[in-house]
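Subject: Structure for you to look at

Hello,

Here is the structure I said I would pass on. Please open it beside this message and follow along; my notes come after it.

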Amino acid sequence: MNTEENLAAAATAIIGQKVLSGMEREFESWQEDLNGAAAYYPGFLGAEVSPPTALQSDWVVVYRFDSVAHLQAWINSATRQTYLDVGAK
């Protein structure tokens, strides 16, 4: 598969996260750990985290995987759910 085909098959998820005021550093640390866990999943290409801006009030997390199936496996994983459960507390 050439590079153009790889890019065409890639899948991206964009997730907005509201973070309680004063919890930004804790969120960044938690999100960094979560992204590290995602990196172990098949097809992981990368993750980006962007803090709020004047135009976007949420934190934005972008996950990139090499296929929809691999992205879905991560999104639906028990690993991710465990992190979400901890982050919700």
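Tyr-41 is found in the loop between α2 and β2, the latter spanning 44-50. The model is a predicted one, and the values below were computed from it. Tyr-41 has a relative accessibility of 21%. It counts as partly exposed because buried means under 20% and exposed means over 50%.

Leaving out residues up to four places away in sequence, Tyr-41 touches Phe-65, Ala-73, Trp-74, Ser-77 and Thr-79. Take Thr-79 from that list: 38 residues separate it from Tyr-41 in sequence, while the two C-alpha atoms are 10.0 Å apart in space. The contact itself is counted between heavy atoms within 4.5 Å.

Now to helix α2, which covers residues 24-38. Asn-35 has its place there. Is Asn-35 buried or exposed? Its relative accessibility is 13%, so Asn-35 counts as buried. With residues up to four places away in sequence again set aside, its contacts are Phe-44, Ala-47, Val-49, Val-61 and Tyr-63.

Glu-28 also lies in helix α2. Its relative accessible area is 40%, so Glu-28 is partly exposed. Glu-28 belongs to a negative surface patch, together with Glu-24, Glu-26, Glu-32 and Asp-33. Residues of a patch need over 30% relative accessible area and no salt bridge.

When you go through the model, start with Tyr-41 in its loop, then find Asn-35 and Glu-28 in helix α2.

Regards

Conventions
Residues are numbered from 1 along each chain as its sequence is written. This is a predicted model: local features need pLDDT of at least 70, side-chain atom pairs count only at pLDDT 80 or more; totals for chains, interfaces and linings use all residues. Side-chain values use heavy atoms; hydrogens and water are left out. Patches are made of residues with over 30% relative accessible area and no salt bridge: like charges are joined within 9 Å, nonpolar side chains (Val, Leu, Ile, Met, Phe, Trp, Tyr) within 5 Å. Accessible areas come from the Shrake-Rupley method with a 1.4 Å probe; for residues, only the protein chains shown count as cover. A salt bridge is a side-chain nitrogen of Lys or Arg within 4 Å of a carboxyl oxygen of Asp or Glu. Lys and Arg count as positive and Asp and Glu as negative; His and the chain ends are not counted. The place of a charge is taken as NZ of Lys, CZ of Arg, CG of Asp or CD of Glu. Helices (H or I, at least four residues) and strands (E, at least two) are DSSP runs, numbered from the N terminus. Buried means under 20% relative accessible area, exposed over 50%, partly exposed in between (1.4 Å probe, protein chains only).
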